[in-house]
Amino acid sequence: MEESEKLNVVGVEILKKNGVDVEGLINQLVINSSVEFTAYYYFTLLRANCTGMEGEGIKGVIEDARLEDLSHFESCIERIYQLGGQLPKDAIDYIKMSGCEFLQLPDNPTNLKAILEKCLKAEQGAIINWDKVCKMTHGKDPMTYEIAQHILAEEIEHESWFLELLYGRPSGHMRRKYSGERPHTKMHSKALDMG
Ligand SMILES: [Fe+2]
Ligand SMILES: [Fe+2]
């Protein structure tokens, strides 16, 4: 819809007045959403390869992180369009944008330590991605800041889970009450609520 370029979108104009680089912000949000979407896919594969007695417990933790990545993807979309952005037409372009190839199954696909190392790296990358959006919007774009801050809170929790599993560094919190609980981003991903 080309006419939209000529529309006066007050919700975007105020951000420019507040000093937000709107184009840069849209770009970062699209990249971050592609990382979340692609990580959701790769976590599905990694989880499926957690086998044996030890793998059974890890499956649950990866499931919690996996469903929250889907929530993070969902949490971005509306804001991208409100800002005047859009997702790429080609899903392959979108997935390539994520740079998540490192999340592909390890050479020995059921090597639990290698799986956990990949999960940890993904969470640490996500923290950096969402911190960027927080910095771009802090004090200038409360709507996007709130979404990014809530996603960041879950990513920090996810990092702590994998640090605990790999290195015994206590994460200091209990598992989710149920997979998909998404305590911080639930309000931004209502489409995932059933019924
Ligand atoms: Fe995420
Ligand atoms: Fe995560």
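This is a predicted model: local features need pLDDT of at least 70, side-chain atom pairs count only at pLDDT 80 or more; totals for chains, interfaces and linings use all residues.

Student: What makes the protein chain one of helices or of strands?

Tutor: The protein chain holds six helices and zero strands, and, read along the sequence, its pattern is α-α-α-α-α-α.

Student: Why is α2 called roughly antiparallel to α3?

Tutor: Helix α2, residues 22-48, and helix α3, residues 52-82, have axes that come within 8 Å and cross at roughly 155 degrees. Angles over 145 degrees count as roughly antiparallel, and therefore α2 is described as roughly antiparallel to α3.

Student: Which hand does the crossing have, and which classes of residue make up the contact of α2 with α3?

Tutor: The crossing in which α2 passes α3 is left-handed. Sorted by class, the contact of α2 with α3 has 15 nonpolar residues, together with four polar and seven charged ones.

Student: How do you know whether the radius of gyration of the protein chain agrees with that of a compact globule?

Tutor: For 195 residues a compact globule would have a radius of gyration near 16 Å, and the protein chain has 18 Å, so the value agrees with that expectation. Along its principal axes, the C-alpha trace spans about 60 × 35 × 35 Å.

Student: What share of the protein chain is buried, and what does that word require?

Tutor: A residue is buried if 20 or more other C-beta atoms lie within 10 Å of its own, and buried residues make up 34% of the 195 residues in the protein chain.

Notes:
Residues are numbered from 1 along each chain as its sequence is written. Chains are lettered from A and ligands numbered from 1 in the order in which they are written. Axes are lines fitted to C-alpha atoms, for helices over the stretch in contact, and angles run from 0 to 180 degrees between N-to-C directions. Helices (H or I, at least four residues) and strands (E, at least two) are DSSP runs, numbered from the N terminus. Angles under 35 degrees count as roughly parallel, over 145 as roughly antiparallel, 65 to 115 as roughly perpendicular and the rest as oblique. A crossing is left-handed if the near helix is turned anticlockwise from the far one by less than a right angle, and right-handed if clockwise. Ala, Val, Leu, Ile, Met, Phe, Trp, Tyr, Cys and Pro count as nonpolar, Asp, Glu, Lys and Arg as charged, and the others, Gly among them, as polar. The radius of gyration is taken over C-alpha atoms; the globule rule is 2.2 Å times the number of residues to the power 0.38. A residue is buried if 20 or more other C-beta atoms lie within 10 Å of its own, exposed if 12 or fewer, and partly exposed in between; C-beta atoms are placed from the backbone.
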